[in-house]
Amino acid sequence: MTLRKSGAAMICALLILQQAGFSAEPTSQTMKSSAFLKEFVGRLKPLQKKANLAWWNASTKGDDQSFQKKQEAENRIDALLASPAEFQLLSTLREKGGISDRVVARQLDVLYLRCLEKQVPSWLLQEMNAKSNSIEKAFNSFRPKVGGGEKSSNEVRNILQKSAISADRQAAWEGSKGVGAVVEKDLLALVALRNQAARELGFENYHVMKMFLSEQKQGDILKLFDELDELTREPFRKAKSEIDEKLAEHCGIEVGEIRPWHYHDPFFQDSPAVFGADLDGLYSKQDILKLCRVFYSGIDLPIEDVLERSDLFEKQGKSPHAFCTDIDRDGDVRVLANVVPSERWMETMLHELGHAVYSSKNIPNTVPYLLREQSHILTTEGIAMMFGRLSKNGLWHEKMGVASDDPATRRKVSNDAARVLRNQLLIFSRWCQVMLRFEKGLYENPKQDLNKLWWDLVEKYQMVKRPENRDAPDYASKIHIVVAPVYYHNYMMGELFASQLHHAIARDVADGAAPRKVIYADDPRVGEFLKQKILAPGATLAWDELTEFATGERLNPKAFAEDFRP
Ligand SMILES: [Zn+2]
């Protein structure tokens, strides 16, 4: 089972020809395939719209009825994708070959992967769903036991952020890890089911299958992460030692006594706030949405219409998170958010509107429905991350008129912001190493000593000492392993994509300026570049082809490492 690949340049030439109405004479295979796709999309499209609208209503209103509607629509989509007769037809069309039109072939490939995942016996699908749901419920109702009482996860977080007493921190941290022991058995059962499903479809294990389904190869991704490890190891060690000194000082201990509970996040996936940087002050009197409007129209990717359809402020029953959704792939794009004037929400809105920009709103409608979306989750995350980073960029602060008038303050905030961002990304990159490699080991050999594997990886990549005499399923306290399996590495690849694209913009749009000096405010050429290189192809190019097409190189960690060298 391999996917058709060919040179990105050629594909785009074809795409341009096709958009201009020049198409090679279609073969009968092409016509058959087009007819199949038209009929299939005719059924899929209204269901997807229904599910997206129900999800939107459920998230903005929080009512059971909408959740139920969403579930119903999703079940009908699953039934369509799982249909053995349709899958048979689709597979035959793909395997027979002779399709003269690259875009038609690409649609078959994309649809094939979506359907393939559903081709496991329905009892197995149901059992996996049930297990995953019941574990998720256990996560939701879990209350960490700390010092004889129960605490909420916010209270645990509060202790980890503030307490100077190591014993209290340890108790809170251990309490938060308690959920691992609660779900361990069910999680291992779920892993066995997932592996069984993968083997039914002819894959070695679930990890290999999931990568295949998202057009990635395990070996390639590991190689990329090895390279990233190499480039981030020393910068991370240096940043971490500065942080460790602060943490040790705060608790009155030696650096050598630091254990996982001395970090502010139970997994050390975020940067501890130890340098007293106040970035919220920058935005406390700002109109976050106005800044977004001015910024995005300045790069000629206006988002006015998105904001009009969006649900942006806190209210009863509404989801506390933020997301962007493309309702119909016909330009109805919306953002859900809970904006308050803070740095976090500045970043979040730049991020979500980055997703909004990279959607059917700007992908030409000559791109067929199945391909009228981002090339890959990592490419849309990359675009969103690239814009999200600006909230911590001193030059951007000046350009957008939010920087202080006092030069000394301005310099301090700018330096603080750069350090926060750098630490955040270095720390996150090391944490993603643990997630990727643990999940690989988990599905490859679920019977090994997983407790040990987890801490071996944490020590190696995050350089955090394991607690003495602890033998507990701490890996199972990370909910993503349950609800978003083999997915996490895409966030990191999104960060790499963001840096690499930024460097390409510096080179090709900003006339070779140093990437550190390049900001996007008020430069319509940036929008033009993105329209041509990222938005126009939609998903006609796979993520690796798109990366090469837009940046001239395969995805690699060099630009990222350069951006975040201390
Ligand atoms: Zn995102």
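Guide: Look for Lys50, Lys61, Lys69 and Arg76, which gather on the surface as a patch of positive charge. To join such a patch, residues need over 30% relative accessible area and no salt bridge, with like charges joined within 9 Å. The area comes from the Shrake-Rupley method with a 1.4 Å probe, and only the protein chains shown count as cover. Lys and Arg count as positive, Asp and Glu as negative, while His and the chain ends are not counted; a charge is placed at NZ of Lys, CZ of Arg, CG of Asp or CD of Glu.

Two or more residues of the patch come from each of α2 (28-61) and α3 (64-82); helices here are DSSP runs (H or I, at least four residues), numbered from the N terminus. Lys69, for one, sits in helix α3.

Stay on α3 for a moment: Glu74 and Lys70 are four residues apart in that helix, so about one helical turn separates them. Their side chains meet in a salt bridge at 3.6 Å, N to O. That term asks for a side-chain nitrogen of Lys or Arg within 4 Å of a carboxyl oxygen of Asp or Glu, and the whole structure has 45 of them.

A word on the source: this is a predicted model, where local features need pLDDT of at least 70 and side-chain atom pairs 80 or more, while totals for chains, interfaces and linings use all residues. Residues are numbered from 1 along each chain as its sequence is written, and side-chain values use heavy atoms, leaving out hydrogens and water.

Key:
Patches are made of residues with over 30% relative accessible area and no salt bridge: like charges are joined within 9 Å, nonpolar side chains (Val, Leu, Ile, Met, Phe, Trp, Tyr) within 5 Å.
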